[in-house]
Amino acid sequence: MRDEHQLRAKLRTLADGAATGLAVLATVLVVAPLVAIFVYLVYKGSVSLNWAFFTHNPVPVGEVGGGMANAIVGSAILLGVGSLIGIPIGIAGGIFLAEFGRGTKLANAIRFTADVLNGVPSIVMGIAVYSLVVVPQGHFSAFSGGVALGIMMIPTVCRTTEEMLLMVPHAVREAALALGVPNWRSVLSITVRTASAGIITGCMLAFARVAGETAPLIFTAFGNVGWSEKLSEPIAALPLQIYVYALSPYDEWHRLAWAGALVLIVLIVLAVSLVRYVTSRGVLKGAS
Amino acid sequence: MGVGIEVANLNAWYGTNHTLQDIDLNIPANHATALIGPSGCGKSTFVRCLNRMHETNPIARVTGTVLIGGLDIYADAKPVEIRRRVGMVFQRPNPFPTMSIYDNVAAGLKLNGYSNHHVLDEIVEKSLKNSALWEEVKDDLKKKSGASLSGGQQQRLCIARALAVDPEVLLMDEPASALDPVSTSKIEDLIFQLKSQYTIVIVTHNMQQAARVAEKTGFFLNGRMVEFDSTHKIFTNPSDKRTEDYITGRFG
């Protein structure tokens, strides 16, 4: 009897250890590619990183030095325009899906459209914006690039906003309504506020995703070897610059492309961390 | 001050389910009235008809008249106006999780466009004192979230939130059923104090609780009101056989 007990206890300990080991292994498998990419980027990119990279524009082939200052600023402008378009429309759409249109045919149609839009290849988005904005305007522009990125952000922002709002407990909505708060006010001031942490995460996901997009910019922002910060002119962008430099036959440009990739990743991480920090400062003790 | 509630010929449905049938009832002002009955008998639906929360469910329907302080709430008023005059406390404490204690209490006023800070400060303090929570939270009003309090404290916070908009009636839907005995007795003490200022309607599964806090008690069964009388009479000498069976524990 006692032996059998001990044997079972041993088996349980073994099974517990095996399950924990498998979970750890899975975690390592998930994190390993990310770490590998980042380490390799640092290894390849850091050698070409210097102050000039952040302060100088690209120089012609054969000249030494030069940087990607124009592309860094260009990416910031493109992402700014994209966020101004994608985030408000996405959030408003998500609020409609979760709160006002729930169960209606229109809401189902919008949800389906958003999901399809999410699956549209980014190069197709570039061509679409090319014919909708670039052709009527008659020239490539930073604005059209921002529009392409903004449209790509909409489905992610919209669907995460909807999901996050649906997770707000029914009891919280009832509490607001029972205080005599009109429904629209309750939605904006209570439900959206309760879900705001999740909504911000959705916006950051969409932002980080389009920050690395190259294809939709080829026919819209086009790229620019010089400095430009005008919305009406072609503008440089880090992913575009990396793409051009990496395909070039010059070793110096290859090194710059690696540095550009490293800078792009670090800037995305910084931007997302900054937003997280700023938005978490107002969070109260014990808030869920 | 509290006002009386006169209910005549009230019927309510959820879809095709006829949950309340021909309810006639007069609830006296500035008293606590308890509603008892087995689960699913319609007592929660009944209180939700008194502040028009019933109709927030898209499949719900209601007919009949409810006069609160003489005002016909279904004919002559909008739901948001009624809900400001008729406060509600729910079964599970439901503070706004991302708001501070202060903002939770001030929410009803702020969201209706009230912004005078001095007045808000006063109302928040008064409401928290009225709900017997002030001493426990006065140092953390704007630092802690409403969700950081214990269950019993959260429920008293919800009572303070309901009191802050200065209602005439306070509806309580099993306010203590999710709480421990100490918190429960605090809520009951509170009901005792509050009924001098408000008309209180409390739904409860706990018959001792009804006997302790309420002057009047109504017994609901299968969507109908079987008996409504003084609490003393209901618990010592009920007129209806079904009431007697229920309070003596023969069913439910």
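Helices (H or I, at least four residues) and strands (E, at least two) are DSSP runs, numbered from the N terminus. I use those labels throughout these notes.

**Entry 1: ground rules**

I am reading a predicted model, where local features need pLDDT of at least 70, side-chain atom pairs count only at pLDDT 80 or more, and totals for chains, interfaces and linings use all residues. Residues are numbered from 1 along each chain as its sequence is written, and chains are lettered from A and ligands numbered from 1 in the order in which they are written.

**Entry 2: confidence in chain A**

I checked pLDDT, the predictor's confidence in each residue, from 0 to 100. Chain A has a mean of 92, and 97% of its residues reach 70 or more. Within chain A, helix α2 (residues 51–55) has the lowest confidence, with a mean of 89. Helix α6 (residues 142–166) of chain A has the highest, at 96. A reminder to myself: where pLDDT is low, the predicted coordinates should not be read in detail.

**Entry 3: domains of chain A**

I looked up the domain bounds, which come from an automatic or database domain assignment. Chain A is assigned domain 1 (2–48) and domain 2 (53–287). Their C-alpha centres are 34 Å apart. I then looked at the contact between them, where two residues are in contact if their C-beta atoms, placed from the backbone, lie within 7 Å. Domain 1 of chain A gives 7 residues to this contact, and domain 2 of chain A gives 8. I sorted the domain 1 side by class (Ala, Val, Leu, Ile, Met, Phe, Trp, Tyr, Cys and Pro count as nonpolar, Asp, Glu, Lys and Arg as charged, and the others, Gly among them, as polar). That side of domain 1 of chain A has 3 nonpolar, 3 polar and 1 charged residues.

**Entry 4: where chain B meets chain A**

I found 26 residues of chain B in contact with 20 residues of chain A. On the chain B side, α2 (79–85) and α3 (101–110) each supply at least two residues. The largest share, 4 residues, comes from α2(B). By class, the chain B side has 10 nonpolar, 9 polar and 7 charged residues.

**Entry 5: helix α3 of chain B**

I asked which residues of α3(B) are buried. A residue is buried if 20 or more other C-beta atoms lie within 10 Å of its own, exposed if 12 or fewer, and partly exposed in between, with C-beta atoms placed from the backbone. In α3(B), 9 of the 10 residues are buried, so this helix is largely enclosed by the rest of the structure. Among them are Ile101(B), Tyr102(B) and Leu109(B). The buried residues of α3(B) pack against α4 (117–130), α5 (134–137) and α6 (151–164) of chain B.

**Entry 6: an open sheet in chain B**

I traced 4 strands in the order β2-β1-β4-β5 (chain B), with antiparallel pairing. Two strands pair if DSSP finds at least two bridges between them. β2 (17–27) and β5 (71–72) of chain B are at the edges with a single partner strand each, so one side of each has no neighbour in the sheet. Strands β1 (residues 5–14) and β4 (residues 60–68) of chain B are joined by 8 bridges. Ala12(B) has Val62(B) in β4(B) as its bridge partner.

**Entry 7: two asparagines**

Asn9(B) lies in strand β1 of chain B. Its phi is near 55°, positive in a residue other than glycine. Asn9(B) counts as exposed because it has 11 C-beta neighbours inside 10 Å.

Asn222(B) lies in the loop between β9 (216–221) and β10 (224–230) of chain B. These two strands form a hairpin with 2 residues between them, and Asn222(B) in the turn has a positive phi of about 50°. Asn222(B) has 14 C-beta neighbours inside 10 Å, so I note it as partly exposed. β9(B) and β10(B) pair antiparallel over 6 bridges, and Gly218(B) stands opposite Phe228(B) in β10(B).
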